[in-house]
Amino acid sequence: MKRQSYLHLALLLSILVAPARLTAQQSKPADDVAVAPEGTQVATEQTPAAAANTNSLQKATQNPVASLISVPIQNNSNFGVSPGDRTQDVLNIQPVIPVSASKDWNLVIRWIMPIVYQPLPSQSSTTGTGVYGFGDMQPTFFLVPKKTSKLIWGAGPIVQLPTATSDYLGQGKLGLGPSIVLLTQPGHWTLGALANNVWSIAGSGGRPAVNQFLMQYFINYNLKKGWYLSTAPILTANWESSNGNRWTVPFGGGVGRIMKLGFQPVNLSASFYGNAVYPSGSSSWNMRLQIALLFPKLTKQQQMMMMEQKMKQLKD
């Protein structure tokens, strides 16, 4: 089962490295291609308009409640799990789908589907064993005002579904709670936070009650040619645990880039976090690798422009 963890890492690393290989093989700059609402050329800045629109797409991907369909695939490798200093691996597939709820409101659905490799306790072996499968899914439904302002916000319920394929991979409870996100995007910056708390409302009577808090603050600084610096640690608290094992508080950051793989705009990122506070026996640090497939809305004219550019590139 541990092999599955390495396969996840190898897949994401190959995706992160592949664009550099493709760039090295190209003998001319990429053509301007409409991929964002304003018509974005991603990963190159051959024109002022391309540079401005790349920045627009950067900010849209950094807004959790933007009107942008995206499919982030995020791999979290949590190192130093006891006993035996082993690695837990969590691959989150987390599509974000905005829909129009009314004249004044959007409904943004964020659905997290975890695939987990969980090391199991084994005092007699340093390597031990592990279990691999699906964890508990967590959909969130944000209501977001369509009218834009300097402060962007959304609020709604988060649901925890007991979908885990093993008792070791989930909590066995149906959970419910509130979730809120606040952010602002002045200049090159994106500053914000997302928070929720989940309480169990039904499920197996033999499993512990759930009362858990999560907060992710995020700070991004956008650079040229789609690059950006980012910190987005996830702080958690299990209110059912004792004080010494209640909080996980990480610090760290990483780098990312908005670019294209073929015709597909993507957001690639890599980051590392160390846990200043964490429960006994859990991970002391982790690595987060992510690729997000981006599907900006296009006008009919922009769709025609994109098709023409695709045909041109195929002929070349």
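## A quick tour of the chain

Of the 316 residues in this protein chain, 41% count as buried. Keep in mind that what you're looking at is a predicted model. The chain carries three helices and 15 strands. Take the contacts with a separation of 6 or more: 58% of them are between residues 24 or more positions apart.

**The surface**

- The protein chain's accessible surface comes to about 16,200 Å², and carbon and sulfur atoms hold 63% of that.
- On the surface there's a nonpolar patch formed by W105, L143, L151, W153, I180 and L182. Together, these residues have about 520 Å² of accessible area.
- One of the patch members, L151, sits in the loop between β6 (138–145) and β7 (152–160).
- L151 has a relative accessible area of 49%, so it counts as partly exposed; the exposed class is for values over 50%.

- Strand β10 (residues 211–222) pairs with strand β11 (residues 227–231) over four bridges, in the antiparallel sense.
- Between the two strands of this hairpin lie four residues, and K225 there takes a positive phi near 60 degrees.
- If you want a spot to look at in this pairing, find N222, which stands opposite Y228 in β11.
- β11 also has a link to strand β13 (residues 247–261): the two run antiparallel and are joined by four bridges.
- Look for L229, whose bridge partner in β13 is V255.

**Q58, a buried residue in a helix**

- You'll find Q58 in helix α2 (residues 48–61).
- Q58 counts as buried because its relative accessibility is 1%, and the buried class takes in values under 20%.
- What does Q58 touch, leaving aside its neighbours within four places in sequence? Its contacts are N222, L223, G226, W227, Y228 and I258.

**P114, a buried residue in a strand**

- P114 is part of strand β4 (residues 105–120).
- With a relative accessible area of 10%, P114 is buried too.
- Not counting residues up to four places away in sequence, P114 touches V90, L91, N92, G133, F134, G135, D136 and M137.
- Among them is N92: it's 22 residues from P114 in sequence, yet their C-alpha atoms are 4.4 Å apart in space.

Key: Residues numbered from 1 in each chain as written. Predicted model: local features only at pLDDT ≥ 70, side-chain atom pairs only at ≥ 80, totals over all residues. Heavy atoms only, no water. Patch = residues over 30% accessible without salt bridge, like charges linked within 9 Å, V, L, I, M, F, W, Y side chains within 5 Å. Areas by Shrake-Rupley, 256 points an atom, 1.4 Å probe, with all protein chains shown as cover. Salt bridge = Lys/Arg side-chain N within 4 Å of Asp/Glu carboxyl O. Buried < 20%, exposed > 50% of the residue type's maximum accessible area, 1.4 Å probe, protein only. Pairing = 2+ DSSP bridges. Contact = heavy atoms within 4.5 Å.
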